[in-house]
Amino acid sequence: MAETAILLVIKKISIVVAGEVLHLAKPLFAKKSGLVAALPTNMEFIKEELEMVHAFLKKISTRECSDTVSETWITQVRRLAYDIEDIVDQFIYIVAEHQGKGLLSNFKKVIKRPQSLFSLDVMAIEVEKMKQRLRELSSRRDRWIQAKVSGIDVEIPNYENRQEAYQFRHCQSDNDDDFVGVDKYRELLNKLLYSEDCSLRIIAVCGMGGLGKSSLVHNAYKSERSPFECRAWISVSQSCEVDDILRNMLKQLCGNDNKIQSKVAKMINDKLRVELKKFLEQKRYMIVLDDVWRGAVALEIRNLLLNSGTRSRVVITTRIDGVASVAEDACKIELEPLNKHDAWILFSRKVFWKIENQVCPPELQEWGEKIVKRCAGLPLALVALGSLLSLRDKSEAEWKSFYSKITCELHNNPDINHVEWILNLSYRHLPYYLQNCFLYCAMFPEGHLLKRKKLIRLWIAEGFIEQRGTISLEEVAESYLIELVHRSMLQVVARNSFGRIRRLRMHDLVRELAIKLSENECFSSVYDDTSGVIKIVSDSRRMSVLRCKTAIRLTMDSSRLRTLLAFDRTMLHCSWSHYIPSKSKYLAVLDLSGLPIATICHSIGELFNLKYLCLNDTNVKSLPKTISRLQSLETLSLERTQLITFPPGFAELKKLRHVLVWKLIDTAQSSFSQSLGVRTTEGLWNLKELQTLDEVRANEKFISKMGNLTQLRSLYISDVRSKYCSQLCSSTSKMQHLVRLHVKAIDQDEILSLESLALPPQLQTLELSGRLAEAVLQSPFFSAHANTLVRLSLCWCNFAENPIPHISKLSNLTSLRLRKAYIGQQIGFSAGWFPKLKGMALVDMAYVRQIYIEEGSLINLEYLNLDGFNELADVPGGIEFLPSIQKILFSSMHPDFRVSLQESARMGRLKHIPVTYRQ
């Protein structure tokens, strides 16, 4: 983790010494001498020195030299890197302020800043001190650490603890009582192993660490009824070199003959491959590659093995979805955490193994259930904690005490710390660019659903995301997120209709261990004063406030804070305003969502480094003028607040990428005016980096100028009048990156003539709210986006012509919402229409009397909502032809509809459909 902190600093210094910042700073150095004039040179020296430190850290991370001395040195490196980062941020700010001094001429009159923030002389002295500290660090490294590693020429992983971990995992498989809730996995594995298919089959068992993948496979591997002539079990993570794997494999396959073992040990690589193929020829074999981390390793071994038609099998266990993809989909077994019932059974079997039927005493039930809940269905943790508790006193006080210190037990108790080791193995295998992103997720509360978009914007604000090629930082961040999912570090909870991740969560136990790692690395601290004991790491850069009964009491230097996330919505106003403006001037991320805040003080303008400001679900009605001084701000989010006007100077925030500001009016979301957007401000169209603008109220000038926002990906514009439509179509046609567009009329009677709408081919989501001219249905738009548009919402359109036949041209549509979109009496779906549609909501079609569905239509529809069909007395014809339907909701229907629904159920038309009816 020290190395990731250093990488962030190196990146920032590179911006200073090699980019536009230094060019802009030249006037500042023109009349200076001494240390100030040497600032660029000294920063270049620091950068190069840090690059060497980073390389050294990577080197020792792969060697057996982890001890108190090296850990202390790494802590000193991290602390120095943080201090350098503070100075670099000050420098960047000073240059930016100097560049815009004309705009900030009255700056010092409004806010008194610490003098050091403006003084290049003071900064130059500090940089010189950093150089000296770097030299001292290098000297300490040479004296205390270098000698320990200089004699090692080969990078050797630490095998001892890994072997113990593997032995532990395998020993579980000896007892059938330990296999709870896995019958379906075991049956599928045996079916694949012993099937009559003669070809070589690759079977992949995947899932997060601790689910019992290795135990499940090992149980089948040791089976006495195994029909395989020879077998080999290779723990791949002990040696990622393919030749080492093959050598180990051949040794196991050949048996215990010492001569053969010695011969194999001496074989050169090519000879090894030839002998392995020769040995396996015409044999029926089973090879297990346990804990594979790289897909390339699995592919190479698969390509080396012969498909001799002997019904041989290769089984791979892995935590990484990409590795599991080596197997065919039909041969992939994805393990999931145990459900609540099975988790309790497994836990009880381990704790009460001496008691008949393993019944838990009533007085221990409450704390036992809490302990099981903390394990979140992870068999490894359930077995370990249950076994440990079986040796403890069976009293309520003992179990209550144990529950309060589970994380401490996992970290310090030698009887169960293998649980922490195995779970942390996934973290240690993460590439450096994912480590910060992963630990960041542990700052959120237990069980919190992580939102994809928010998480991505936070990572960018923190500087975790590296530019790759020409794609946006948001796209790079999403690829990081997907990689964490594929590595089983995060669990997907919800996807949108076309498969994109919407919500994620972190396994509770993994989160506990990640918090421990974060504290050890001074990455972040969690503030919770519920128990009265507050533990905050003194050098921590980030803090999340989970629970705060009184004003925040910090034991850390708040001037080091870079991030403050508040999740306790009962937190007092003084808890944050008391110290943020005066001390935490380096804050980059500030999220105070849900707090009882009505006003933001002017001193927020002091947060010169702020990149992310979120005040969602607060009572904020206005922003101070000083907000315009947040020249680094990238994301401003005030959703569901009272703000409806930007402050003067808002358009000077040139780095803004995401602006989400709107007021919620109708919580039931049943009226046309569900929300109220923010008024536009002069120059808003000059924010060239803007990607998200949601929700802004239209005016004629903004509509004519908004074509300048060529980087927009998502736009929600409301209060659109008929006379704006032609210009709106022209302006949006210039937004070649647009993927989501929502246009809402000023009221439900305003007619929008959008037939000339020409949007980029990558548009995915279109929402139109208001009366649409009938010509819109005949426009070429629907045919032009037939293969790209995936979500469509048409509300309050009141078409006289049935829109469904025109919309059916959108063959890739996965989500469709129509509300007051049609005033006709019949809706039909013909065979072949909407082949990919998964969700459909038809709402407030007051005149529709009949709906019919032909067989072959809506073949992938999973969810159907019919609401507000006052004249629809009969269940839609052909509803039984929906083969993929999972849920149907009927609401506010004709009084006779219930009778028709009951009759359809009696006739068996709804036997495969879960139906909910609400009058």
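Start by selecting Ala 376, which is buried, with a relative accessible area of 19% (buried means under 20% relative accessible area, with a 1.4 Å probe and protein chains only). Ala 376 sits in the loop between helix 16 (362–375) and helix 17 (379–389); helices are DSSP runs of H or I with at least four residues, strands are runs of E with at least two, and both are numbered from the N terminus. Although Ala 376 is not a glycine, its phi is positive, about 50°.

A word on what you are viewing: this is a predicted model, where local features need pLDDT of at least 70, side-chain atom pairs count only at pLDDT 80 or more, and totals for chains, interfaces and linings use all residues. Residues are numbered from 1 along each chain as its sequence is written, and side-chain values use heavy atoms, with hydrogens and water left out.

Next, select Asp 291 in strand 3 (residues 285–292). Is Asp 291 buried or exposed? Asp 291 counts as buried, at 2% relative accessibility. Its phi is positive too, about 60°, and Asp 291 is not a glycine.

Now go to strand 17 (residues 692–697), where you will find Glu 695. The peptide bond leading from Asp 694 to Glu 695 is cis, with omega near 10°.

For the last stop, select Leu 754, Phe 781 and Leu 794, which are among the residues lining the second largest cavity. Strand 21 (765–769), helix 29 (781–784) and strand 23 (791–795) each give at least two residues to this lining.

Methods: Buried means under 20% relative accessible area, exposed over 50%, partly exposed in between (1.4 Å probe, protein chains only). On a 1 Å grid over the protein atoms alone, a cavity is a set of points where a 1.4 Å probe fits but cannot get out, and a pocket is an open set with protein on both sides within 12 Å along at least five of seven lines; lining residues have an atom within 4 Å of a point.
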